[in-house]
Amino acid sequence: MSPTTFMTADDYRALVADGFQRRARAAGFQQWRTEAAMTGGCTHPIRLSGQWAIQDTASGQVLGSRSGHVSVPCGNRRESVCVACSDRYAADAFHLLKAGLTGDTKGIPASVADKPRLFLTLTAPSFGPVHNRRAPHGKAIPCRCGEYHHPDDPRIGQPLDPEGYDYTGHVLWQAHAGDLWHRFTTYLKRYLAQAAGLPQRLFAEHARLSFAKVAEFQRRGVIHFHAVLRLDGPNGAGDATPRWATSDVLTDAIRLAHANTMLTSPKVDGRTWELAFGKQIDIRPIRPADAGQVEDDQGVITDDRLASYVAKYATKGTGKSEAVDRRIRTQADIDRLRVTEHHRRIIQTAWDLVAPVPCPDCHSEGFHAPEGCGCEHAQYCTTCNNGGEVTRTVLWHRLHPEQGDKPDPLDALKPRHWAHMLAFRGHFLTKSQYYSVPFRQIRDDRRQYRHEEVLDELGVTDDSITVINDWSLVSVGHRTPEERELAAAIAERQREARKHRQSIERKD
């Protein structure tokens, strides 16, 4: 094919097929496929080199060993990065949530299913009207722009008036969303204590608020919080809930906490924002797991599939339409992003919010002028190393020496560090200590299960053996695009097989 000849679609497909065939015929392909299947089809596996051995402690005899190269999953929870590992994370999230909902597993008693439990959704406020597709009673109604939007219309979530949209307020709210949730739970405990006639300091001696919370990104680039709230006794899931702690009491306390939760943002260009959750709030009771749907005709949430419903948000995170998978390092990274103009402006606003400021010593009247501003004739500046600009924290310390080593309030939010997350600084799945087991325990249980499986095959116990592990990192990711595509196909095949098994189990 000459350099001036364009490749047709058929030529491209033939080239790709040829690449797959060459990889399948290459030496060691069967071993590679076996290792790829063992990682679940991870598209960014971690390749290790070293050895593993089990020795008899008394005699020193090697009972089992392996050496050479192994691949382990990357563990990334983002589906856009690795389908296989995000599936595993979603499964772990499901078990974590389900244990706290129905109990009788992971050390959580079955009695939690009879406790007051609510499913709560907290929304973000409006920062300007956006295109949307509303169907309040199952029938679509026109958007504010006057059109009917298709569900996949790329304009959904985009501002009607980009110039009038409050991007600074948007970024500040996102950066404070985690703090708003923390204050909300503090107020919630306060109002629960008041309902029980208790001082707030004594609430923990009579009851405990347990929760699991998931953050979901909306198409307009802000998050909503979905949470399961449960009222326990003072010692957690295994302790009986006080008689006064009912679902109605919890509902009233939530409404009061929602109405009073507010934070004041740091100053930006002399202005502050009053930050609060949106006016829309959804509170629904959860009944025991005896139905096969997420919600019944009365709007009551059921346990049976609620964990799956909530767990999907733990891996949804930020998709390609909302944000990016890796941190922003430079302005050039922003310029190269393949996102909508709305999301690019959110990221740009977060990036610019803590931009360096003119050095107060050598550029007191503005930034360095390329044509010359006099600083080139000045002595060496120890404040900015003659760079002409400093961080906001340096200037903050100059203006507020009484604050000591505290950073500038805006710098403390680290909007540049979290610009790729549209300034959201929290985790997508968080829980209170006593709601359920931690992810660590679920992963440890999985490792222990495999460990005991090996011991059973060897006919030994932990007391009589010594395990030797010595591994070092070799590389990350597959060596060729063909391997990555083949691994993705393995992951998809395993996912479909798992769905088929689950569908059969539900019918049974």
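In the predicted model, three strands form an open sheet, ordered β2-β1-β13, with antiparallel pairing. Strands are DSSP runs of E of at least two residues, helices are runs of H or I of at least four, and both are numbered from the N terminus. Two strands count as paired if DSSP finds at least two bridges between them. Strands β2 (62–72) and β13 (465–476) stand at the edges, each with a single partner strand, so one side of each has no neighbour in the sheet. From one strand to the next, the twist averages 10°. Strand β1 (residues 46–56) runs antiparallel to β13, and 11 bridges join the two. Within this pairing, I468 of β13 is the bridge partner of A53.

Helix α11 (residues 439–458) lies across β1, β2 and β13. The helix runs at about 45° to β1. Axes are lines fitted to C-alpha atoms, for helices over the stretch in contact, and angles between N-to-C directions run from 0 to 180 degrees.

The model is predicted: local features need pLDDT of at least 70, side-chain atom pairs count only at pLDDT 80 or more, and totals for chains, interfaces and linings use all residues. Residues are numbered from 1 along each chain as its sequence is written, and side-chain values use heavy atoms, with hydrogens and water left out.

Strand β3 (residues 117–122) is mostly covered, with six of its six residues buried. Buried means under 20% relative accessible area, with a 1.4 Å probe and protein chains only. In a regular strand, side chains alternate between the two faces of the sheet. In β3, both faces are covered. R117, F119 and T121 are buried on one side, and L118, L120 and L122 on the other.

Strand β3 has antiparallel pairings with β5 and β8. Six bridges join β3 to β5 (residues 223–232). Five bridges link β3 to β8 (residues 281–287). T121 stands opposite H226 in β5 and opposite D282 in β8.

Helices α4 (residues 167–195) and α8 (residues 341–353) pack at an angle of about 75°, their axes 9 Å apart. Helix α4 is therefore roughly perpendicular to α8, a class that spans 65 to 115 degrees. On α4, the contact (heavy atoms within 4.5 Å) is made by Y167, T168, H170, V171 and L172. On α8, H342, R345, I346, T349, A350 and L353 take part. The residues of this contact divide into six nonpolar, four polar and one charged. Here Ala, Val, Leu, Ile, Met, Phe, Trp, Tyr, Cys and Pro count as nonpolar, Asp, Glu, Lys and Arg as charged, and the others, Gly among them, as polar.

Notes: Angles under 35 degrees count as roughly parallel, over 145 as roughly antiparallel, 65 to 115 as roughly perpendicular and the rest as oblique. Buried means under 20% relative accessible area, exposed over 50%, partly exposed in between (1.4 Å probe, protein chains only).
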